[in-house]
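Biologist: I'm new to this one and would like to learn how to read it. Could you walk me through it, feature by feature?

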Amino acid sequence: MTMPPEQLQHEIARRRTFAIISHPDAGKTTITEKLLLYGGAIQEAGSVTARAGTSHTKSDWMSMEQQRGISISSSALTFEYEGRHVNLLDTPGHQDFSEDTYRTLTAADSALMVLDAARGVQAQTEKLFAVCRNRGIPILTFVNKMDRPAQDPFELLEQVEQTLAIRAVPMTWPIGDGPSFAGVYDLARREVVLYERVARGRTRPPVSVASVEDARVAELVGAELHAKLQEDVALIEGALDPFDPEAFLRGEVTPVYFGSAITNFGVEHFLRDFVRMAPAPGPLETTAGEVTPEAPFTGFIFKLQANMSKNHRDRTAFLRVASGRFERGMEVVHTRTGRKLRLSRAHTLFAQDRESVDEAFPGDIVGLVNPGVFRIGDVVSLVPKVELRAFPRFTPETFASVTMKDVTKRKAFHKGLEQLAEEGVVQVFYPTDGARDPMLGAVGPLQFEVFQHRLREEYGVEIDLHVTSYTLVRWLAGDAGSVARFARHVEDDQGRPVMLFRTRYDLDYTAERHKEIEFLPLPQDLTVVRK
Ligand code: G4P
């Protein structure tokens, strides 16, 4: 059934799909929880962090997530706010486990960067920021934990500008910090928003003032903080360009907000601006040109996940709707294979709970039950010949050999290996003589731990895992004869010849002596986005 174009247009225009990028511990979970609270998606704060309480739907890999205090899975959370339909993609924040996060970011139209006010820009923030930058998506910034002693806000802005090469424009300005934190001043609206140190957090309505000089400000925050605020605002107005929404949409400027998520301060301020300023879904770059959101249905798979929960022991493919209207049961083309598929088992995901979804629009994330046909980066469409132009792929940098502890589990072992490799938990390489055990490749060593843990919990297979001294893999290209003569008996899971190296020197030495062969950081048939 088609939908009137203006109705589709309306649904597209009100979609906001974003992800939070941050270094672990900056406060991503806390902010997520508060955002959902405003969106009415959860009843009380704590239900996102207190996932252990919903043990009936908790999967085992969630238990590992809790043990380690990190978020390993990505899920999409949805809520309505001021007539906008907000999709928040949850992205893992651990520095070692980033392939998954990078892929999730391909499904976001904007990002919120959360910084810890005392720590500023940290290693993981930088890496994730680079991915958003690559994609050119707009980025907003929330400086969290102002209730604790913080770095000087001007220094924080400068750090953002220096390390991330983006202009930072404050939208609110902190009044004091730590024990003296009194609230924020909204620069454009000329409002003082007072911070109250109360247990559950409460924000009083903002107080409008004529200007920052207004004596009312001193009444509200005290003479000393007022004097400092006037000084700061004079500096800001003298030295910084005003916020330019167009430059923000081009990814050149990040608007900065200050707050304290744990006490629920400043988050709604951000959200209110976010739904207005952040972009609705835009066109998708494909091999067939740009697909606009108004075009007939197209979607792409950005993430696969097996065994999301014990209640549903199956594989889920996460699809981002890129254009048109998705309807449950619709028949589409799986463009990589040309096969027709009926998308009948579709659901949304809220933490670990699922609900059937009947329709979805550009920007929305739909979980599809994956009978093994999908790979990451696949496209399903009403139009047969559409494929993604660029999808991030990663060259592993650490390698481990695996052996089964119990050889009778061979079948389960190979099933786990295949499914977890398909999800991108690790990459798998096989010795071609078949005699030795497979080798795993990953970007960070935590991926091996996740693999080992999931293999045990989900497939009942115990393995020994030894991290090797290899640090580089290269796919071999050249005429078939030379490659065949040269290849040293290792191939990837698609049968492509590869070679592993211990050092850069080894690689360069070999490449120098074998000019007939190309040593590629990614297989030739995949788009190189990032080396
Ligand atoms: P993450 O998802 O980015 O890893 O961070 P998360 O929200 O889990 O927050 C990390 C820690 O920082 C938590 O403390 C959290 O309570 C605290 N936190 C978050 N926002 C603020 C804030 O605005 N001010 C202050 N002072 N603390 C904040 P924790 O001790 O690790 O956990 P918990 O025992 O509080 O749950």
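Modeller: We'll go through the ligand site, then a few residues and a strand. Keep in mind that this is a predicted model.

Biologist: Let's begin with the ligand. How many residues surround the ligand, and which are the closest?

Modeller: To find them, you look for protein heavy atoms within 4 Å of the molecule. Here 14 residues surround the ligand, and the closest are D25, K28, T29, T30 and D147.

Biologist: Which helix gives the largest share of that shell?

Modeller: That's helix α2, residues 28-38, with three residues of the shell.

Biologist: And how do the shell residues divide into nonpolar, polar and charged?

Modeller: There are four nonpolar, five polar and five charged residues around the ligand.

Biologist: What should I look for when I want polar contacts to the ligand?

Modeller: Look for pairs of N or O atoms within 3.5 Å. In this model, an N or O atom in the side chain of T30 is 2.5 Å from an oxygen atom of the ligand. D147 has a polar side-chain atom 2.7 Å from a ligand nitrogen. With A261 the backbone takes part: one of its polar backbone atoms is 2.9 Å from an oxygen atom of the ligand.

Biologist: How much of the ligand's accessible area does the protein cover?

Modeller: On its own the ligand has 710 Å² of accessible area, and the protein covers 64% of that.

Biologist: Now K145. Where is K145 found, and is K145 buried or exposed?

Modeller: K145 is in the loop between β5 (139-144) and α6 (153-164). Buried means under 20% relative accessible area. K145 has 18% relative accessibility, so K145 counts as buried.

Biologist: What is K145 in contact with, beyond its neighbours in sequence?

Modeller: Leaving out residues within four places in sequence, K145 is in contact with D25, A26, D116, A117, G259 and S260. With D116 there is also a polar contact of 3.5 Å between the side chains. D25 is also one of the residues closest to the ligand.

Biologist: What about strands? Which strands does β24 pair with?

Modeller: When you follow a strand, check the direction of its partners and count the bridges. β24 (residues 398-404) pairs with β26 (residues 439-442) in the antiparallel sense over four bridges. β24 and β27 also run antiparallel, joined by five bridges. β24 is mostly covered, with five of its seven residues buried.

Biologist: Last one: where is T468, and what does T468 touch?

Modeller: T468 sits in the loop between β27 (463-467) and β28 (472-477). Not counting residues up to four places away, T468 touches F399, A400, S401 and M439. A polar atom of the T468 side chain lies 3.2 Å from the backbone nitrogen of Y470. At 25% relative accessibility, T468 counts as partly exposed.

Key:
Residues are numbered from 1 along each chain as its sequence is written. This is a predicted model: local features need pLDDT of at least 70, side-chain atom pairs count only at pLDDT 80 or more; totals for chains, interfaces and linings use all residues. Side-chain values use heavy atoms; hydrogens and water are left out. A polar contact is a pair of N or O atoms within 3.5 Å; within protein, one must be able to donate a hydrogen and the other to accept it, and residues adjacent in sequence count only if both atoms are side-chain atoms. Accessible areas come from the Shrake-Rupley method with a 1.4 Å probe; for residues, only the protein chains shown count as cover. Helices (H or I, at least four residues) and strands (E, at least two) are DSSP runs, numbered from the N terminus. Ala, Val, Leu, Ile, Met, Phe, Trp, Tyr, Cys and Pro count as nonpolar, Asp, Glu, Lys and Arg as charged, and the others, Gly among them, as polar. Buried means under 20% relative accessible area, exposed over 50%, partly exposed in between (1.4 Å probe, protein chains only). Contact means heavy atoms within 4.5 Å. Two strands pair if DSSP finds at least two bridges between them.
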